[in-house]
Amino acid sequence: MNTATLVKSLKDMLLKPNAHVTFSDSVKKLPADLRGVVPAGMPYSIWQLVEHIRITQYDILDFSRNPDYKEIEWPKAYWPEETAPKDDAAWKHSVEQVDKDLHAFIDLLEQSDDLFAPFPHGTGQHLFREAVLLLDHTSYHTGEIVAVRRMLNAWH
């Protein structure tokens, strides 16, 4: 197996739009007054989706690199209660942290000698599995961000 090719493919899927919108594009130019709006029939706002992506991505990153990893409470710890960020700085921090943690995860991929080596602190999970989980989870919720933006007439 060519690990370099596999890592490049994962990296491209995590960073590039390919067949879907990237996370960064999904939140770009979102009017501040719409960040906390919960549309009728939806259970959450865009802020809650952004925070959920950030929290979950960090948890996957932490699990993947930390032999002393501690599980957080599902689902409570993965979803913020507040529907809107407290201010622009909180929004900016969350969006930037998603990018920062994504690149930290990619660094793990690029530094790995064996993407399929089970983590000693897990139950058979390995870095490749976590990369696919991260990709799938973020893509799913990014699609929801786009759908909510469409419901709010804030998508091109």
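Which side chain does arginine 35 meet in a salt bridge? Select aspartate 88: its side chain and that of arginine 35 form the salt bridge, at 2.8 Å from N to O. A salt bridge here is a side-chain nitrogen of Lys or Arg within 4 Å of a carboxyl oxygen of Asp or Glu. The two residues are 53 apart and link distant parts of the chain, with arginine 35 in the loop between helix 2 (23-27) and helix 3, and aspartate 88 in helix 4. Helices are DSSP runs (H or I, at least four residues), numbered from the N terminus. Arginine 35 counts as buried, at 11% relative accessibility, whereas aspartate 88 counts as exposed, at 52%. The cut-offs are under 20% relative accessible area for buried and over 50% for exposed, with partly exposed in between (1.4 Å probe, protein chains only).

Before moving on, note that this is a predicted model, in which local features need pLDDT of at least 70 and side-chain atom pairs count only at pLDDT 80 or more, while totals for chains, interfaces and linings use all residues. Residues are numbered from 1 along each chain as its sequence is written, and side-chain values use heavy atoms, with hydrogens and water left out.

Next, select glutamate 110 and lysine 11. Their side chains form a salt bridge of 3.0 Å, N to O. Glutamate 110 belongs to helix 4 (residues 88-111) and lysine 11 to helix 1, so this pair ties together parts 99 residues apart in sequence. Glutamate 110 is partly exposed, with a relative accessible area of 43%, and lysine 11 is also partly exposed, at 30%.

Stay on helix 1 (residues 3-15) and select lysine 8 and aspartate 12, which are 4 residues apart, or about one helical turn. They form a salt bridge, with their closest N and O atoms 2.8 Å apart. Lysine 8 is partly exposed, at 48% relative accessibility. By the same rule, the count of salt bridges comes to 8.

Now select helix 3, residues 46-65. Of its 20 residues, 18 are buried, so the helix is largely enclosed by the rest of the structure.

Finish at the start of helix 3, where a side-chain oxygen of serine 45 comes within 3.4 Å of the backbone nitrogen of tryptophan 47.

Technical notes
The expected span of a helix is 1.5 Å times one less than its number of residues. A polar contact is a pair of N or O atoms within 3.5 Å; within protein, one must be able to donate a hydrogen and the other to accept it, and residues adjacent in sequence count only if both atoms are side-chain atoms.
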